Every structure is written in structure tokens, then in C-alpha cells.
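Here's a quick tour to read with the structure open beside you. Take it one topic at a time and find each piece as you go.

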Amino acid sequence: MTIKELDAIRAAKKELIEVRRVVKEKGEELCKHTGYRKQVLVCGGTGCTSSSSMKVIAQLEKSLEELGIKDILIVKTGCFGLCALGPIMIVYPEGAFYAQMTPEHVKTVAEKHLVEGGEIVKELLYQGTVTENGIIPFSETPFYKKQVRIALRNCGVIAPEDIEEAIAAGDYAALEKVLTTMTPDDVINEMLASGLRGRGGAGFPTGRKWSFAKASQNEIKYVACNADEGDPGAFMDRSVLEGDPHCVLEAMAIAGYAIGAKHGFIYVRAEYPVAVERLRIALKQAREYGLLGENILGLGFDFDIEIRLGAGAFVCGEETALIRSIEGHRGEPKPRPPFPAVKGLFGKPTLLNNVETWANVNPIILNGAAWFSSIGTKNSTGTKVFALGGKITNVGLVEVPMGTTLREIVEEIGGGIPNGKKFKAAQTGGPSGGCIPAECIDVPIDYDSLLAIGSMMGSGGMIVLDEDSCMVDISKFYLEFTADESCGKCTPCRIGTKRLLQLLTKITEGKGEPGDIEKIEELSKHMQQSSLCALGQSAPNPVLSTLHYFKDEYVEHIEKKVCSAGVCKALLTYHIIEEKCKGCTLCARNCPVKAIEGKVKVPHVIDTAKCVKCGLCLSNCKFDAIIRK
């Protein structure tokens, strides 16, 4: 493909994409030039797919055929972000945001809205867009209003399996600019000036990493993408690959030009089948269009990319373990230095960034470093994508400027805690991160601020916890994960994680003893100082942060043998409130160990010695007569 052909694709598809980005009135005018009266976008990301969005698409196609409608374009996109409301369907040019769609709902929308002269079906809309004064664009709802989409700019906008839509939306424009107007040094200087830091955890300056790789005089170099997203509750990288895979391919090619590499690898976990399939389609299309391979855009630059599948080992998110896995070895970390930029894949200099970092490259090149660095804070420029989950109303994917406070994310974007519960903490950074307590809810979310309070940015998982969460149990949950995922190469991590887990399990089972907290602190310190890689060094972080902010819960578990949150099963007892019990016998009939006694219409009693604390009595009681404490 030549630059002229690339520009022709942009021109041909530009208005089609623009309809999905503009206000209704201008969108209606643009529709006249596209050949489509309306466009219906349906989320095809993993979240909505698991909620049967493919059935929604099938019904949509069937309904349009039955109604004889031929001037509507159906687009299967990536993630729209508001995963709690999936499957999501958006109709343009109106921007009507339909939520939690079923095939029956689709049929209704087709018959009432998609027909010529039809009207929006208000009762099926995302209710956040429905106001007393009419319907507002979903971009003005609390969930979307404060977001600034840079890495996610094309997710939920384009059909990720159509390279021409990706080109029309801006992909490969930065590669063209780099190859025609910039030297390798120009590219690296732009990355340095942008202040972009790695979005995979440590936050190392991206431009510096690129400059280290370029400085090597070795003739063979590699570019690699870390898509081995293993943190519990994290799905940022997956969503980028599912919604806009070409942005990663383009960025890697730009990096190849900048450092003098001709070959790249994308290491992606095999548990992401949708992302893997779309990457394969994108690679095939990019080669067919001359945007990967030999003589890209006819400008004499060669660069190609291969996919390598990970087998689900969390440790392979660590760069040296990832490199060994690509080489065909067991995924284990290696001592550093030398760093991968000096000696990486197959002993050659290797530039490695994660998916979200790569997704920021195109906008920086096209809009300039000054534009990017004007967003966020001085030392944490740009935006950050978070997978917002846990005890939060709006579960989903959000992208906000660095420096946005935790309160804004939880209360405004996230919609607050369900069922009137109180916010207790937010766990960021996954198994390597820490808990941010309610007293720190106004902390700005950036690299330095999070480190100052004992947490970290990590790859971007953010799990919200409410008043019913036990912080000792939360620590145990993350230690179970890291103990299971330790590669076993170094003793501090292999033995330390298991010993920490034993101590936490002992405490949650009501067997804690005086001195256990001191043992946890001492062991954690040794692990931080002696473990070979970041998995072991950071494994104690969730424990230490909860100990710092919620030490009273540990003391309560050990000294009083009580879990006030009602989570630790061994510390719970079930009781029947005599005044509320109607003697219906439902609890007794469902008790698997016959621990409940009583006559019909007479208050019952639980024999705590026999009770196995299964909770069936509590879930079956219709009179709220059973409590656990």
C-alpha cells in the first residue's frame, strides 16, 4: 500500500466513523453521505459477549431482514466501558444508548425505532440518559462525563475486525507521519517530552526505555508487547486488544523504526480468545495492506510481528520471565542487570511495553508531546485506564486524567456503593498493590500519590470494598493468588508467600496468637528485600497496607476471635431472634445437620455446637429472624 492509497481509505470511510463521534444534528447530515440511514453498534467485547450480545446481533439481523430494512449498518465493536449494563447497543446518529438488551428488546427497538420515521424506545434506554428535559447524550452522564479517552479512543467506536475502519479512525496515521517526517531521534525525543510512563506497574519513563534500546549498537533488536494481563479483576489490556488491535501494531512498528528493530512479538494470555482472534485478524490485514512486513508504505522500512500465547502464569507478566517464555523456556525471572533493553530476547536488545502504553503512542505522535503532557499531573502525565469492580454500581472500564481523585472515581463515575453501604477501601495494583482506606478517598490517583500511602498504580485494577468486607480476608485472598502463582525459583517468594498465607489463614480461622502480627511484618520485610522479582517483592503489599490502616481488625480476629464484617466463617455464629421468629420451620427443614430445633409456630433455637455455618437458614428465613455475628 502507498500513502496515496492509505489517504483514499481515510477519505472513503471518514464520515462513516465521524457519525459515531458527533452530536445528533451533524450526525444526521453526515448520514446522508454514508449510504446508511442509521448505524447500530453492538458491543462485541468479552463482557457483553458473555451476556449474549451475539444473540442480540443475530436477532438484529433477523429483525431488519423481516422488516425489509436495508439502509442500516450493523457494527460489532469493542467495549463501551459500562460493562454493568451489557449487552449494550447504541443507535446513531441519535446516540440512543440501549442497555441490558435481550433478543426480545432488539425486536422491539427494530419495530419502533429503526423503521423509517421511528422513535426512540425510552424504557429500554440506559436510564442515566433519560432526564425530565428529554434524552441527553451518554457522554454527558456521570459515568462518561469526566472520562478522557486516549488509550480507549477507538474502543466501542470502530469494528475492530475491519482495518479500513481503523484507518479511518486514525490508526496508522502516526506511522505515516513518523516514516515521512521524523527521524528515529525525533520520535524518541517526542516520547521523552510527553512524560509518558509505563502503564504496566512500575511507571518507568517510556521515552527513557526507548532511548536505552536505541543506544545499543547491536544489529538485531526486538520490540515486544506485554499482553499477559494476570491481575485478578483487571481487563484493561484485553479491552484494547479486542476493541482496537491495530493501535498496538502501529505503535510497535513506530518503536521498531525508532530503535532500529525489524521484528516484534506480542505475548498474550491464551485465556483471552477474543483478543487473540482479533489480533490474528489484524496482523493478517495489516500485512495484506502493506502496513506490516517489507517496505511498509513503500518507504523502505521493514517490520513484522508474531503472536506468542502465554499459558496463564502470573509471573510471566514480569519482563524477564515473559522473555524466557517467548524463547520457549519455563517462565522464570532472571536477575537484572542486564536489563532487556541491553540483553533481552535471544540475547539481543529488546524494548518491552504493555498494551496500554503502546495505545498512547499514536495520539502522542499525532497531537504532540505538549498536548499529552498538559493532561494529568506534572510527574504523571496523560490518562490511566482502570477496571472498576467490586462493590460499585457502575462496574466497567474507565479512563481518567492522572490526578483524578479516588472519590470522583468511586462516587461520580462509579455511581457509589450499592444498597446504601459505606465505602471502606479500594484495592489498586492487584496482588502487588495495596488498599486505600476511606480516610484517603480524596487522594489524587497518580504514581507518586499512591506510593506515598502504601499502594501503587499497577496495571489498573481497582476493586472497591464496602463495610461488609473483611480486610484480613482480603489480604488472604491476594496471598492465596500469589502463593499459587509463585514460580518457585527463589526461596523468599516460594516459602515466604506460603508462610504468610498460613499465618493469615490461621488468623481467619480463629487460631491467631499474640505475636502473629509481628511475624507477618518481619517476614514481609524479608520478602521485599530478598525476592528475585517484583512478584515476591510486592506480594506482602496487600497485607502490609491493610495492617497499616486496619490493624484493629487483625487484633480483633486474634484477641477476640471475632470477624465484625461477618466474613470469616470460622468466627461466625448464627442466632435466631426470638421476637421475630414465627416458627414456620423453614430453617429447620433446610438445615443439613439438623442443628435447629423448635415446634411449629414456636420460636426456634440454633445449636451452635452442631451448626456448620453454611448460611442456609439465613438465606431461607422470610422474617429476618436469623442473624450472624
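Predicted model: local features only at pLDDT ≥ 70, side-chain atom pairs only at ≥ 80, totals over all residues.

Residues are numbered from 1 along each chain as its sequence is written, and side-chain values use heavy atoms, with hydrogens and water left out.

**An open sheet**
- Strand S3 (residues 89–92) and S4 pair in the antiparallel sense, over three bridges; two strands pair if DSSP finds at least two bridges between them.
- Strands here are DSSP runs (E, at least two residues) and helices are too (H or I, at least four), numbered from the N terminus.
- S3 and S4 belong to an open sheet of four strands with mixed pairing, ordered S2-S1-S3-S4.
- At the edges sit S2 (72–77) and S4 (96–98), each pairing on one side only.
- Helix H5 (residues 103–114) lies across S1 (38–43), S2, S3 and S4, and runs at about 10° to S3; axes are lines fitted to C-alpha atoms, for helices over the stretch in contact, and angles run from 0 to 180 degrees between N-to-C directions.

**A glycine tucked away**
- Gly27 is part of helix H2 (residues 24–34).
- Gly27 counts as buried because its relative accessibility is 0% (buried means under 20% relative accessible area, exposed over 50%, partly exposed in between, with a 1.4 Å probe and protein chains only).
- Beyond its neighbours within four places in sequence, Gly27 is in contact with Val19, Val22 and Pro93 (contact means heavy atoms within 4.5 Å).

**Strand S12 and its partners**
- Why is strand S12 (residues 383–390) largely enclosed by the rest of the structure? Seven of its eight residues are buried.
- S12 pairs with S13 (residues 396–401) in the antiparallel sense over six bridges, and a hairpin of five residues joins S12 to S13.
- S12 pairs with S16 (residues 461–466) in the parallel sense over four bridges, with Leu388 opposite Met462 in S16.
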